[in-house]
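Here are my notes on the model you sent.

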Amino acid sequence: MIELVLRGDTVVTPEGVFARDIAVEAGRIAAVTPPGPIPPGARLVDVTGCIVMPGGIDPHVHCAWPMPVPDGPPALTQPPEVVSRAAIHGGTTTLLDFARVIEGSDVADAIARRDAVWKNSCHTDYAFHLMVEGDIAPETLTQLGAAIDAGHPTVKIFTTDITPSRKGRMVDFGDIWEVFQILAAHGGLGVIHAEDNDIVMHMYAKLFRENRTSFHNMAEVHNALSEDLSFRRVIRLAESVPGCALYMLHTSAASGVAAIREARARALPIYGESLHQYMLYTSEDYRKPNGQIFHTYPSLKSAQDQAALWAGTLDGSINAIATDEICCTLAQKIQGARIDDTTGGNAGVEPRVALMYTEMVGRRGYSLRKFTDLVSTNAARIMGLYPRKGAIAAGSDADICVLDPRRRRRITASDLHETDYTPWEGWDAHAWPSLTLLRGKIVMQDGQLIADQPAGIWLPRKIDPAIIAAPVAL
């Protein structure tokens, strides 16, 4: 029986943008039809004048995550309950975090430990990328294959230790090659943090010798050359393994965009992610008061790099906009002030959808379809969630974000639901979510969280073979 009908005059569907009734039954979309009679017993929610789109999907977050502390033991960032609550307020209904294999006795144990943190504690639905670090034992490779088959098909790999204090993150290229063969054999996807470790560590040493250790110099360490070398090397390695597809995390430089574009032109299944802070801030913003709040790893880059990222969203090189979410207090975010101890990640999961709508549709003239692809649909397609997620279509989960252009606002931390600061303080939003549905239930309405208990569930995933076979146009 149809329980709810959502009626809108601007509904973003896979076929286009139309006036539609969305009929919801048992958590799923039963039908998407032109406006008509309401089935007996169904509740009508009329959102005429608003943009109705699939719930946002953030494919790159870190909750309850170890955060390095200068001269002290690591602290944990905010847990899933806090971050997912903010996500729901911002119209995002699915989050993808990471399960660190080194935190378990084996891959299955690492997944179980991570799931124990998320289960019954998340307001959104969720999934995990597997994360491998350091030397990879042969038995771990076998376990990765089993985990991919069990619904965890994405594996994160570092080509750098990121900072001198984090030695052990980087996976050498021999082990990466072995992981790529497992991915290809089991239909998985490599999720790559690519920086050239030799260049990065050389620049750390050089700047320390020169006594230029302030975080303001971060872009010299995590530089565009490092991104160029690392992207091209890891893509070439993937090219040597038939059936290996890659998703390049947090692309930040024109050189990374070019490497993805050229690989796709050679028919390689390579996909690109960038972050909303790279799209809207540059390395010059480190000079602002508390400039650490804009930082994540790799560093912010130049205005020219930023322009290339925007161009990449239009030519298919950049397919998804994520946050690299790290939710902590302002004091924690700015506690490090050197190039080797500045806290990465941003508190940004709540304003992401509205910010990208403003910048893409409002200021750059992107279509509603293109905007929706970049904040929801493409992540679902690449990560093995589509069409269950990322679509307003019959059979899809009824995960829906309603953006209201009448709710223009200036973003301020006091209005958000995450922490005591936002890197987006003072930014204008041309619309704001007024309604969020998760699997057919209204979980946020008019700025109020409706759900009294977290109801998010883990999502098993399987990568569409088409994503792996060739660079799908997204």
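1. Is Arg-363 buried, partly exposed or exposed? Arg-363 is partly exposed, because its relative accessible area is 43%. Bear in mind that this is a predicted model. Its salt-bridge partner is Glu-359, at 2.6 Å from N to O. Glu-359 is buried, with a relative accessible area of 5%.

2. Asp-397 and Arg-28 form another salt bridge, with the closest N and O atoms 3.2 Å apart. Asp-397 sits in the loop between α13 and β18, and Arg-28 in strand β3, so the pair ties together parts 369 residues apart in sequence. Asp-397 is buried at 3% relative accessible area. Arg-28 is partly exposed at 38%.

3. Arg-439 pairs with Asp-125, the closest N and O atoms being 2.8 Å apart. This links distant parts of the chain: the loop between β21 and β22 holds Arg-439, strand β11 holds Asp-125, and 314 residues separate them. Asp-125 is buried, at 0% relative accessibility.

4. Shared partners join salt bridges into one network of Arg-28, Asp-125, Arg-388, Lys-389, Asp-397, Asp-399 and Arg-439. The structure holds 28 salt bridges. There are 44 positive and 55 negative side chains, and the centres of the two sets lie 3 Å apart.

5. Now the fold. The protein has 14 helices and 23 strands. Of the residues, 62% count as buried. Among contacts with a separation of 6 or more, 75% come from residues 24 or more positions apart.

Notes:
Residues numbered from 1 in each chain as written. Predicted model: local features only at pLDDT ≥ 70, side-chain atom pairs only at ≥ 80, totals over all residues. Heavy atoms only, no water. Helix = DSSP H or I, 4+ residues; strand = E, 2+ residues; numbered from the N terminus. Buried < 20%, exposed > 50% of the residue type's maximum accessible area, 1.4 Å probe, protein only. Contact = heavy atoms within 4.5 Å. Lys, Arg positive; Asp, Glu negative; His and termini not counted. Charge placed at Lys NZ, Arg CZ, Asp CG, Glu CD. Salt bridge = Lys/Arg side-chain N within 4 Å of Asp/Glu carboxyl O.
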